[in-house]
Amino acid sequence: MGSLRIQVCRSCGRGYYPPKIRCSCGSRDFYEVELREPGRIVTLTTIYVPPMGFEPPLRVAIAEFSKHGLKVLGRIDGDYSLRVGDRVWAVENNGVVVFSPAESGEGE
Ligand SMILES: [Zn+2]
C-alpha cells in the first residue's frame, strides 16, 4: 500500500498536490509530508470516452482533506460504489492519484 506525499506551507499550513511554487498566502517555504488522513469525496463522475491510455469507463473524483485544506483530483479503480461524502484513502501510483474506500466492511 502506497501513500500520497503532499506539500505543506510552513507559514499557513495549507497543503498542495501537485506541488506549487508559491502558496496562496505568499510564502514559498514548503515541506513535504505523507497524507495520513482519509479524505471525503466532494464530487465524482464517470468518463466514458477517456483520453488515450485510459480504459473506459474511467471514474474520477475530487476528495477534500480538511486538515490541510486540500482538494485532490484522482481516480477510483475497482468496483467500489462510492458517493459524495464517503471517506477515501489516497495513494499515488505512477503519478496518478487513486482513491479507495476508507471504511472497511460492507453493507449498512
Ligand atoms: Zn501558505
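Here is a walk through this structure, from the overall chain to its zinc site. Keep in mind that what you see is a predicted model.

Let's start with the chain as a whole. You'll find zero helices here but eight strands, so reading along the sequence gives you the pattern β-β-β-β-β-β-β-β. The C-alpha trace spans about 40 × 35 × 25 Å along its principal axes. Of the 108 residues in the protein chain, 33% are buried. Among contacts with a separation of 6 or more, 42% are made by residues 24 or more positions apart.

Next, the zinc ion. Which residues hold on to it as protein donors? They are Cys9, Cys12, Cys23 and Cys25, each through its SG atom, lying 2.3 Å from the ion. Along the chain, these donors follow the spacing C-x2-C-x10-C-x1-C. Cys12 and Cys23 link distant parts of the chain: Cys12 is in the loop between strand 1 (5–9) and strand 2 (15–16), while Cys23, eleven residues apart from it, is in the loop between strand 2 and strand 3 (30–34).

Why is the arrangement called tetrahedral? Because the four donor atoms subtend angles of 104 to 115 degrees around the zinc ion, and the label asks for all angles to lie between 85 and 135 degrees.

Cys23 is buried, because its relative accessible area is 2%, under the 20% cut-off. Cys12 is partly exposed, with a value of 43%.

Terms used. Residues numbered from 1 in each chain as written. Predicted model: local features only at pLDDT ≥ 70, side-chain atom pairs only at ≥ 80, totals over all residues. Heavy atoms only, no water. Donors = N, O, S within 2.8 Å, 3.2 Å for Na, K, Ca; no water. Tetrahedral: all angles 85-135°; square planar, octahedral: opposite > 155°, others 65-115°. Helix = DSSP H or I, 4+ residues; strand = E, 2+ residues; numbered from the N terminus. Buried < 20%, exposed > 50% of the residue type's maximum accessible area, 1.4 Å probe, protein only. Contact = heavy atoms within 4.5 Å.
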